[in-house]
Amino acid sequence: MRFPRPLVLVVGALIAFLYAPVAVAVVFAFNSGSTLSVPLQGLSLRWFRAVLADPGFRDALTNSLLVAVVTAGGTALIGTASAFVIVRRRSRPVAALEGFSRLPVMLPPLLIGASLLTTIAASGVALSLMTVTVGHLVYVIPYVVVVVVARLRSVDLELEQAARDLGAGPLETFRRVTLPLLTPAVLGAAMLAFAFSFDEILITTFTSGLDSTLPMFIVSKMRRTIDPSINAVATVLLLVPWIALALALVTTRRSIARAPAPGSAGGGESA
Amino acid sequence: MNASPKEFAESQALASARAESVSVVGVTKRFGSVVALSDVSLSIPEGSFFGLLGPSGCGKTTLLRILAGLERPDGGDVLFNGKSILGTPPERRPFNICFQRYALFPHLTVRENIAFGLTTRGRGRGRRRRQEIAQRVDDMLSLVGLEGLGERSPSQLSGGQAQRVGLSRALINQPRLLLLDEPLSALDRNVRNVMREELLRIQQELGTTFLLVTHDQDEALSMSSEVALMNQGRIEQVADPETLYQRPATLFAARFIGAGSFLAARAHRCEGEHVSVEVAGARFRALDAGVVEGSAATVLLRPEEIRIVTEGESRTSGIVETSAFLGSSYELTITTPLGALRLRSPQPIPPGASIAIGWEETAGICYPSDDSGGRADAT
């Protein structure tokens, strides 16, 4: 089927609208001049050097990476465990739990941040990267649970029963059958958690105390001056999730190479 | 001739006394308010091809799952070698399942699927062991005729191939009892017939006890050496296929197995094995299957017992309603004063023709009428 030309143009314009600002930001990061205006004055890495030399930036990047990695790992663990309870232990209270586990999706991050700050202050815990991570976990776990639950529902219970029947105990069944079938979904969900955590700013602002994360660093920097180093930071912000995504893809590929035919849960029903 | 109920009871007792038999004793299972099994007792003789037959929802799959350990009964016991195995989890029972929808592990190759049972609980380690496992998998692949497909993924297999993999995966642990859960019902008709012969051959070659759960009476009767017929969570009859066909113990068994005509009758006098019956004025004798004198009854007549005869020696006559070509003969349904009858004829008879028919004095079997058995019909 051929699409009418005007439609193609509209979609093209939409894509340009979405990506042009990103492209502009990345291009200006490599500009040697110190103003954010055309014409560009030449190609240079001076803003990257400037940014990398800034201890404030380095601390913020380290903090962001730390929080994002812990958030991704934590959500993968908690999300998988919750998905198991929700899918494999069906009962009325569990169904209610599933509903509640999804509710935070509808809460505005502003509210989550403010209420977390109140709770943290009331319980006398000092604000730190720890409290930031907790905030991110609260916000992102519902999404992860949804992804892993959907995947686990598609894993035929009969596969686990077949493994038990063939001599595997409950743990071995999980390790050799359920987990390999869940891995792509769990990795994808962890990636989502990482990407979310890495550029989250609302909840972070409420819960961070003295430590600064990368998004907070950019905002505070912009309040002082606007120069192309902002673009260099934004480019880094853009690259990190991509690198994480590439890493995740490589690891999944490897696990696929070890175990062919992923995805087709239910066991080769092709006739 | 057929075994009498007494002889049959004895043979069953003998079977359960044999070593390595599996017995189910008074097993009951409820799912909420639904009774899936009520007081089921069964003994599966060692080395037999045992059929568990019944309509869907009769509890046969629940019984299979209880044997495998995937389900716990609410009451009763499961014995292996005379000892209870209720406390034994599925992974420690010497029984394996061949699943209806194969249940092959999609992330493993055919080889890895088949080898799975040999590698559980850390038994797949060491180079010698791995060589041994590879050898056993090769043996299995050639047993089921899948040489050369070992490296495929389950998604690349046809239904028949997948079920062969499922079968070899279940057999590689050399189970004392192989539980086949409707193994052929997901397959195409042609593949199904090939797999029937394959299953019989493999059972004879290995001598493993096979328990075949099926709703298909042809499948159960043609493959099993003994069949348990189930209905609504109870065992209706346990017998060899011939007995089940020729002397169904209950009206349900008579209706479920094979074709036949069912005539509404009144039982008169019981005389030993037989009872004299009256069907719409006609009187004859039939085998007594537990009727009460003077009560309403239902008489079963198998199609092959009814013959077309000359006017003089007929019991009744009727008008041909339909005639169906079966290959070696024609199946006729006729309307008679006694009710609708079903019979076989070597030559075609056009619908509308009037024919005289007869049967051996005691060819029928007379059952007490149940709620659904009051009407005369041919099924």
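Mentor: The account below starts with the ground rules, goes on to the interface, and then turns to the chains on either side.

This is a predicted model, in which local features need pLDDT of at least 70 and side-chain atom pairs count only at pLDDT 80 or more, while totals for chains, interfaces and linings use all residues. Residues are numbered from 1 along each chain as its sequence is written, chains are lettered from A and ligands numbered from 1 in the order in which they are written, and side-chain values use heavy atoms, with hydrogens and water left out.

The interface comes first. Chain A brings 29 residues to the contact and chain B brings 35 residues, where contact means heavy atoms within 4.5 Å. About 2,700 Å² is buried between chain A and chain B, and carbon and sulfur atoms give 54% of that area. Buried area here is the accessible area (1.4 Å probe) that two parts lose on being put together, summed over both. On the chain A side, Asp165(A), Leu166(A) and Arg176(A) supply 26% of the area that chain A buries against chain B, more than any other three residues.

Two salt bridges are found across the interface of chain A and chain B; the rule asks for a side-chain nitrogen of Lys or Arg within 4 Å of a carboxyl oxygen of Asp or Glu. Arg101(B) pairs with Asp156(A) in a salt bridge, with the closest N and O atoms 3.2 Å apart.

Helix H7 (157-165) and helix H8 (170-198) of chain A each supply at least two residues of the side that touches chain B. Of the elements on that side, H7(A) gives the most, with seven residues. Helices (H or I, at least four residues) and strands (E, at least two) are DSSP runs, numbered from the N terminus. By residue type, the side of chain A that touches chain B divides into 14 nonpolar, eight polar and seven charged. In this division Ala, Val, Leu, Ile, Met, Phe, Trp, Tyr, Cys and Pro count as nonpolar, Asp, Glu, Lys and Arg as charged, and the others, Gly among them, as polar.

Confidence bears on how this is read. The mean pLDDT of chain A is 83, and 90% of its residues reach 70 or more; pLDDT is the predictor's confidence in each residue, from 0 to 100. Within chain A, confidence is highest in H7(A), at 95, and lowest in helix H11 (residues 229-258), at a mean of 74. Residues 257-271 of chain A have pLDDT below 50, although this stretch has 34 contacts in the model beyond near neighbours in sequence. Where pLDDT is low, the predicted coordinates should not be read in detail.

Of its 271 residues, 41% are buried, where buried means under 20% relative accessible area, exposed over 50%, and partly exposed in between (1.4 Å probe, protein chains only). Glu98(A) and Arg153(A) meet in a salt bridge within chain A (3.6 Å, N to O). This pair links helix H4 (residues 92-102) to helix H6 (residues 129-154) of chain A, 55 residues apart. Glu98(A) counts as buried because its relative accessibility is 10%, whereas Arg153(A), at 43%, is partly exposed.

Chain B has nine helices and 21 strands, and 52% of its 379 residues are buried. Its C-alpha trace spans about 85 × 45 × 40 Å along the principal axes. Glu182(B) lies in the loop between strand E7 (177-181) and helix H6 (189-206) of chain B, and Glu182(B) is buried because its relative accessible area is 7%. Leaving aside neighbours within four places in sequence, Glu182(B) is in contact with Lys60(B), Gln100(B), Val213(B), Thr214(B) and His215(B). Elsewhere in chain B, Arg269(B), Glu271(B), Arg285(B), Arg315(B) and Glu361(B) are linked in a network of salt bridges.
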